Amino acid sequence: MAPHTLSKSDFKLARTCDAKLFFRENGYPDNRDMNPYLALLAEGGYMVEALAKAKYVDGVQLEYGRGVVDDYQRTIDQLGRDQVTLFEATLLVGRQQARVDILEKKGNTVRLLEVKAKSFDGAEHAASLSEGRAGALRGKKKPYKIFSEWVEKLEDITFQVLLLEKVLPGVTIKPFLVLVDTSKNALIDNIPSLFELVRRTSADGSTRLLTARYTGSPEQLAHLDLVTEVDVSAEVAMLRDDVAEAAAIYESRLDSPLSVHSVGIERRSKCGACEFRVDESAEKSGFDECWGALATPRPHMLELFSIGTCKAPDRSSLVDWMVGQQKASLFDIPEDCLVKADGRIGSNAERQRRQIEFTRRGDVFLSTDLRGKVEALHGPMYFIDFETSRLALPYHAGMRSYGLVTFQWSCHTVASLGDKPTHAEWLNKTDVWPNRAFAESLREAIGDSGQVLTWSHFEGTTLKQIIADLDKFGHVVPELVDWMTDVFENRIVDLHNWAKYDFYHPGMRGRTSIKVVLDALWKSDAPMRKQFEAWTGMVADESRDPYASLPPVEISGVFQDVHEGTGAMRAYQEMMYGVDKNDPAKKDMWAGLLQRYCELDTLSMVLILEHWRRCVGLA
Ligand code: SF4
């Protein structure tokens with residue numbers, strides 16, 4: 001077996017927690033492998049990388065994967081040339097290795113470019129530099145500290161620079177981050193269709209995204225000005241000593257047991273979101289190894305809503321303090337310490353105390369306000385949900401990177417509480433910037449009066465963004481703007497706030513997403529299931545909520561499903577721009593997947609409101 005090496009992604013991971021390097025090197029299951037949002041980001045990231053590389057027409061794509069020593073040797077052979085641009089050059093020094101996105105060598109000078117799909121404002125950066133400040137990646141005042149959100153990216157490129165200095169001693173190295181520049185606009189439509197995603201299918205049938213390739217023409221490429229190369233020499237100089245020291249330590253630990261990696265690790269609230277905290281059915285769990293006996297209490301203290309903000313009786317971090325006391329049960333949290341800094345009980349602390357109390361009692365909490373809030377509702381009531389996407393490389397000319405595309409809404413209308421809801425929906429199927437049609441069709445559906453019920457502030461925020469975008473795209477529609485303003489200023493009732501502050505069910509634990517709340521109520525609320533059957537004509541499976549029951553649909557030989565917002569974004573992309581985009585039958589199948597998912601979101605809101613109505617004695 002090849003010895004472990006410290007890659008740049010290993011380094012990045014270890015910087016977030018020392019113990020993670022051990023779990024990565026030793027093949028512990030990682031819950032990010034199943035994360036659809038990260039998968040979507042990866043697709044965008046590969047396309048941005050392919051775009052950055054396409055600008056280097058003479059670039060040599062180096063094959064890799066036959067072993068790091070062979071890969072490195074191929075790089076060294078190429079670097080023997082006086083002038084060369086390499087893609088995926090492999091650097092290897094001791095057991096530290098990195099694959100460089102773009103390496104451009106001209107004589108004694110080498111530009112090292114790391115491509116990131118992260119957005120940044122190139123115009124703001126240039127203005128900052130011209131005014132004598134340090135650019136958009138750093139603070140506005142001396143000593144111009146690097147913003148924390150950029151540290152990881154800059155450490156990544158610093159790690160590569162340190163290796164390259166040893167591989168090519170004596171050359172001048174100029175490091176650049178290649179970033180998605182939100183101050184630039186797309187000049188042509190359908191930019192993602194100019195890229196091909198390359199996947200590899202394993203023996204078990206699973207597929208893995210490998211890379212992306214630019215497949216457009218040179219003329220189209222000339223219109224693709226969406227990324228900016230940012231000189232980060234100064235930032236690399238600031239970070240190099242820290243990075244060198246940390247990398248040397250991680251390298252020295254590569255073959256060590258967990259006890260060496262975990263010297264001084266802190267078991268904190270961050271562990272709740274650790275990638276090595278996996279399903280109980282997994283054969284091994286990094287979280288369990290870090291937390292030992294403290295991993296097992298149920299309910300666990302890490303389930304407490306916003307535990308990261310809580311202080312212990314001695315005002316140290318609550319999680320630290322609990323670990324110090326060898327306690328990790330939710331029920332061991334001293335409730336007296338759940339207060340604000342000034343000793344008052346704020347809304348968050350109230351919610352935390354409620355979670356502990358009602359979980360202990362196995363009971364449901366209803367605020368004294370909930371009945372009044374339900375009573376104040378009046379028909380017609382429009383339960384709405386939006387599906388949107390923001391992609392690194394936009395589909396429509398005039399859009400900036402990560403600009404908003406509103407592609408779908410669903411609305412259940414209830415004339416008065418208890419009535420069977422009627423459903424309306426809209427899904428964009430035309431290849432034009434859809435945001436204006438989205439708003440106009442919504443207006444047609446929900447009119448100029450009536451309450452608009454949502455499950456977050458997202459719908460209101462989206463309408464505000466559409467107003468800003470209409471202006472940018474030159475659409476002069478004052479009436480539509482007035483209508484949207486009235487909706488978000490006067491008509492929206494956010495049921496998510498009710499779930500946060502007026503209601504608690506032990507099955508929700510510390511969470512309040514619509515899927516979590518529906519799932520918490522579904523199994524125990526027979527009237528809810530009856531209502532679902534009466535309204536939809538479908539059979540309600542007591543053991544699984546309707547989201548879990550959505551069966552996958554086979555499209556082009558692959559079973560597809562949409563269970564969350566990221567899945568909806570992917571399905572929309574497939575429908576509009578995927579391989580089946582010109583096949584009406586397949587397009588309809590994608591549309592069907594999207595519609596039933598979004599419809600379920602708004603129906604769930606009605607079902608939950610009906611549940612609350614029953615709870616407060618109004619049904
Ligand atoms: S569980 Fe916590 S300590 Fe262990 S690897 Fe994850 S973040 Fe680090």
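**Note on the predicted model: ligand shell, domains and helix packing**

1. Start with the ligand. Helix H2 (18-25) and helix H10 (286-291) each supply at least two residues of the shell around the ligand. H10 gives the largest share, three residues. Keep in mind throughout that this is a predicted model.

2. Which residues make up the shell? Around the ligand are Cys17, Ala19, Lys20, Ile265, Arg267, Lys270, Cys271, Cys274, Phe276, Gly286, Phe287 and Cys290. By class, the shell has eight nonpolar, one polar and three charged residues. The cysteines Cys17, Cys271, Cys274 and Cys290 are among the residues around the ligand.

3. Next, the domains. The protein is divided into domain 1 (8-252), domain 2 (264-274 + 285-361) and domain 3 (364-619). Domain 2 is written as two segments, 264-274 and 285-361. The ligand shell draws at least three residues from each of domain 1 and domain 2.

4. Domain 1 also touches domain 3. Their C-alpha centres lie 37 Å apart. The contact takes 23 residues from domain 1 and 18 residues from domain 3. On the domain 1 side, the elements that give two or more residues are helix H3 (36-54), strand E4 (109-120) and strand E5 (172-181). H3 provides the largest share of that side, seven residues. By class, the domain 1 side divides into 14 nonpolar, six polar and three charged residues.

5. Now the helix pairs. Two packed helices are described by the angle between their axes and the distance between the axes. Take H1 (residues 8-16) and H6 (residues 148-167) to begin with. They pack at an angle of about 140°, with their axes 10 Å apart. H1 and H6 are therefore oblique to each other. Their crossing is right-handed.

6. What meets what between H1 and H6? H1 brings Lys8, Phe11, Lys12 and Arg15, and H6 brings Glu152, Glu155, Asp156, Phe159 and Gln160. By class, this contact has two nonpolar, one polar and six charged residues.

7. H21 (residues 565-577) and H22 (residues 584-615) come next. Their axes come within 9 Å and cross at roughly 155°. H21 and H22 are therefore roughly antiparallel to each other. The crossing is left-handed.

8. The H21 side of that contact holds Ala568, Ala571, Tyr572, Glu574 and Met575. They meet Lys587, Trp590, Ala591, Leu593, Leu594, Tyr597 and Cys598 in H22. By class, the contact has ten nonpolar, no polar and two charged residues. Glu574 in H21 and Lys587 in H22 both belong to the contact.

9. H22 has another partner. Helix H19 (residues 526-536) packs with H22 at an angle of about 140°, and the axes are 10 Å apart. That makes H19 oblique to H22. H19 passes H22 in a right-handed crossing. Compare the handedness with the H21 and H22 pair, where the crossing is left-handed.

10. Which residues join H19 to H22? Pro527, Met528, Gln531 and Phe532 in H19 meet Leu607, Glu610, His611 and Arg614 in H22. By class, there are four nonpolar, two polar and two charged residues here.

11. Last, some backbone details to check. Most residues other than glycine have a negative phi, and most peptide bonds are trans. The peptide bond from Arg298 to Pro299 is cis, with omega near -5°. Pro299 is found in the loop between H10 and helix H11 (318-324). Ser306 is also found in the loop between H10 and H11. Ser306 has a positive phi of about 55° although it is not a glycine.

12. There is a cis bond at another proline too. The peptide bond from Gly379 to Pro380 is cis, with omega near -5°. Pro380 is found in the loop between helix H13 (370-375) and strand E10 (381-390).

Conventions: Residues numbered from 1 in each chain as written. Predicted model: local features only at pLDDT ≥ 70, side-chain atom pairs only at ≥ 80, totals over all residues. Axes fitted to C-alpha atoms, helices over the stretch in contact; angles between N-to-C directions. Helix = DSSP H or I, 4+ residues; strand = E, 2+ residues; numbered from the N terminus. Parallel < 35°, antiparallel > 145°, perpendicular 65-115°, else oblique. Left-handed = near helix turned anticlockwise from the far one by under 90°. Contact = placed C-beta atoms within 7 Å. Nonpolar A, V, L, I, M, F, W, Y, C, P; charged D, E, K, R; others polar. Near = placed C-beta within 6 Å. Domains from an automatic or database assignment.
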